[in-house]
Amino acid sequence: MAELAGLADPKTREVNAKHGDDHGVNLGKLRALAKRLKTQQELARGLWATGDSAARLLALLICRPKAFERDELDGMLREARTPKVHDWLVNYVVKKNPHAEELRVAWSADPDPVVASAGWALTTERVAKKPAGLDLAGLLDTIEAEMRDAPDRLQWAMNHCLAQIGIAHAEHRARAIEIGERLEVLKDYPTSPGCTSPFAPVWINEMVRRQGGAAAG
């Protein structure tokens, strides 16, 4: 904890605060520290228990993702209220855990929109890598009905899923683009030069173009 405190930088903290995060440690330095520590599950649990965001990020880098029980991960997600801790927990730990599918289903239906956004992130992963058994048309129905009025983080996760369906599944591409165009979610999102807009129709067509596929719309 003392070492983490020594790595904290006020300017980094200020930048992170704009994104809703409350830590001031450069992530490159955090990864270097994790590389030195290697995998230490009990230390990871101890770091997580401090409640400190930098410590929790470090914990997620040095833990054994498959060692967590389902209820433990559920509790951790509900405690992970800052975006970076939430994202790393889902992407670095939950996705590699044997309970990921069970949690995906439970979280997607959760009334807490931040918890639900984790379910949608796991769904997006399945859309891309293991779509067998998913009701893609049903997912598009839900997105069409709920995305426009969803809270920010849930809306972002639903929009990513919409784009991934359009990118990865040509048979649903036209409908995914049509939904995106009609709802106009993130249409005016500021995008840096050289980056792809998160507006689903633009995102879908750009990624399909890069992959040499047939765009739509």
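In which helix does Arg209 lie? Arg209 belongs to helix 13, which covers residues 200–210. The model examined here is predicted.

The protein is built from 13 helices and has zero strands. Read along the sequence, the pattern is α-α-α-α-α-α-α-α-α-α-α-α-α. The radius of gyration is 19 Å. A compact globule of 217 residues would have a value near 17 Å, so the two agree. Along the principal axes, the C-alpha atoms fill a box of roughly 55 × 40 × 35 Å.

Of the 217 residues, 44% count as buried. Among contacts with a separation of 6 or more, 61% come from residues 24 or more positions apart. The accessible surface comes to about 11,200 Å². Carbon and sulfur atoms account for 52% of that surface.

The charged side chains number 30 positive and 30 negative. The centres of these two sets lie 8 Å apart. The structure holds zero disulfides.

Helix 10 spans residues 136–146. Which residues of helix 10 are buried? They are Leu136, Gly138, Leu139, Leu140 and Ile143. In an α-helix, residues three or four places apart point the same way, because there are 3.6 residues a turn. The cover over the buried residues of helix 10 includes helix 9 (113–129). Helix 11 (152–168) and helix 12 (173–183) also belong to this cover.

The C-alpha atoms of Trp88 and Leu139 are separated by 24 Å. Along the chain, the two residues are 51 residues apart. Trp88 is found in helix 7, which runs over residues 83–93. Is Trp88 buried or exposed? Trp88 is buried, because its relative accessible area is 5% and the limit for burial is under 20%. Residues up to four places away in sequence were set aside in listing its contacts. On that basis, Trp88 touches Leu27, Leu30, Arg31, Leu57, Leu60, Leu61 and Val93.

Arg56 sits in helix 5, which comprises residues 53–62. Its relative accessible area is 10%, so Arg56 is buried. Which residues are in contact with Arg56, leaving aside its neighbours within four places in sequence? They are Leu47, Trp48, Gly51, Glu79, Ala80 and Val85.

Lys38 has a positive phi of about 60 degrees although it is not a glycine. Lys38 is placed in the loop between helix 3 (27–37) and helix 4 (41–49). Its relative accessibility is 59%, and therefore Lys38 counts as exposed. Glu184 likewise has a positive phi of about 60 degrees, and is not a glycine. The loop between helix 12 and helix 13 holds Glu184. Its relative accessible area is 43%, so Glu184 is partly exposed.

Lys129 was considered as a further charged residue. Lys129 lies in helix 9. How is Lys129 placed, buried or exposed? With a relative accessible area of 62%, Lys129 is exposed. The C-alpha atoms of Lys129 and Glu206 are separated by 19 Å. These two residues are 77 residues apart along the chain.

Which distance separates the C-alpha atoms of Arg209 and Asp149? The separation is 30 Å. Along the chain, Arg209 and Asp149 are 60 residues apart.

Key: Residues are numbered from 1 along each chain as its sequence is written. This is a predicted model: local features need pLDDT of at least 70, side-chain atom pairs count only at pLDDT 80 or more; totals for chains, interfaces and linings use all residues. Side-chain values use heavy atoms; hydrogens and water are left out. Helices (H or I, at least four residues) and strands (E, at least two) are DSSP runs, numbered from the N terminus. The radius of gyration is taken over C-alpha atoms; the globule rule is 2.2 Å times the number of residues to the power 0.38. Buried means under 20% relative accessible area, exposed over 50%, partly exposed in between (1.4 Å probe, protein chains only). Contact means heavy atoms within 4.5 Å. Accessible areas come from the Shrake-Rupley method with a 1.4 Å probe; for residues, only the protein chains shown count as cover. Lys and Arg count as positive and Asp and Glu as negative; His and the chain ends are not counted. The place of a charge is taken as NZ of Lys, CZ of Arg, CG of Asp or CD of Glu. A disulfide is a pair of cysteine sulfur atoms within 2.5 Å.
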